[in-house]
Amino acid sequence: MNSIRNARFLHISGLVLSVLVWLANSNNPTNGRTGAPFDGHCNSCHDGNNPGGFNGTVEVTGLPNPILPNTVYPLTITLTPTAGSPVRGGFQLVAVDGNNADAGDLATLNTQTGTEMSGGREYIERRGAKNFTGGGPASWNFNWTSPGVAPGGTITFYYVGNFGNNNNSDSGDRPIEGIATYTFNGPTEPVSASISTFSNVTCNGGNNGS
């Protein structure tokens, strides 16, 4: 009898733990899952079997080409279903320079998004999923401030959008990744200056000095 009770307890405990993990990821996804060369991918949690035949597009808008330094850009990421009937969507995004180092500053505008640092890079992601109302798109707004310097002269955005079925688990979803690279119209190396020694300099007032 005790063995049966223990087995039931372990089974129930496993279910509770699974639900808690799902709820945590639903509100705050794991960092470093944009599909970038230095990152993992959302399909490490969302299995991507896609039995519902989900498909869609993921687009970031609001950036010119080239990008100017030290400029605030209001951005929007939009997930648009094109096949199947996904119920809810989410995203994660990171911006890097030509050395794959963190570029600029991502900033939230409301409680629908959040930012976190991981591996020296700043990620912005959804806080809770959004519904595809009537099969239409879901979008999130945020700001990005470009850096003053960008090694390599480029800024690349890596992002992934998840088209989910809202079955209270990570199974049956469809993560779709995207990448966009922009020219950076600013310094590619830190500005440096050196002061040499000058002798016999005539200053205002006629005084000479070094």
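Let me start with the largest nonpolar core, which has 29 residues, and in which Ile67, Ile77, Leu93, Trp144 and Phe157 touch the most other members; by nonpolar core I mean a set of buried Ala, Val, Leu, Ile, Met, Phe, Trp, Tyr and Cys residues joined through side-chain atoms within 4.5 Å. Buried stands for under 20% relative accessible area, exposed for over 50%, and partly exposed for what lies in between, with a 1.4 Å probe and protein chains only.

Please keep in mind that this is a predicted model, in which local features need pLDDT of at least 70 and side-chain atom pairs count only at pLDDT 80 or more, while totals for chains, interfaces and linings use all residues. Residues are numbered from 1 along each chain as its sequence is written, and side-chain values use heavy atoms, with hydrogens and water left out.

Back to the core: S1, S2, strand S3 (88-97), S8, S9 and strand S10 (174-183) each supply at least two of its residues, where strands (E, at least two residues) and helices (H or I, at least four) are DSSP runs numbered from the N terminus. Apart from this core lies another, of five residues, among them Val94, Val96, Tyr123 and Tyr158.

Now to the aromatic rings, of which a search of the whole structure finds seven pairs; rings of Phe, Tyr and Trp (its six-membered ring) pair if their centres lie within 6.5 Å, and planes under 30 degrees apart count as stacked, over 60 as edge-to-face and the rest as tilted. Phe38 and Tyr158 have ring centres 5.8 Å apart and planes at 85 degrees, so this pair is edge-to-face. Because Phe38 lies in the loop between helix H1 (2-27) and strand S1 (55-61), and Tyr158 in strand S9 (residues 154-164), the pair ties together parts that are 120 residues apart in sequence. Phe38 is partly exposed at 23% relative accessible area, whereas Tyr158, at 11%, counts as buried.

Tyr73 and Trp144 make a stacked pair, at 6.2 Å centre to centre and 20 degrees between the planes, and both residues are buried. Together with Phe157 and Tyr182, they form one aromatic cluster.

Finally, the structure holds two salt bridges, each being a side-chain nitrogen of Lys or Arg within 4 Å of a carboxyl oxygen of Asp or Glu. Arg127 bridges to Glu116 with the closest N and O atoms 3.2 Å apart, and to Glu125 with the closest N and O atoms 2.9 Å apart. Glu125 is buried at 0% relative accessible area, and shared partners join Glu116, Glu125 and Arg127 into one network.
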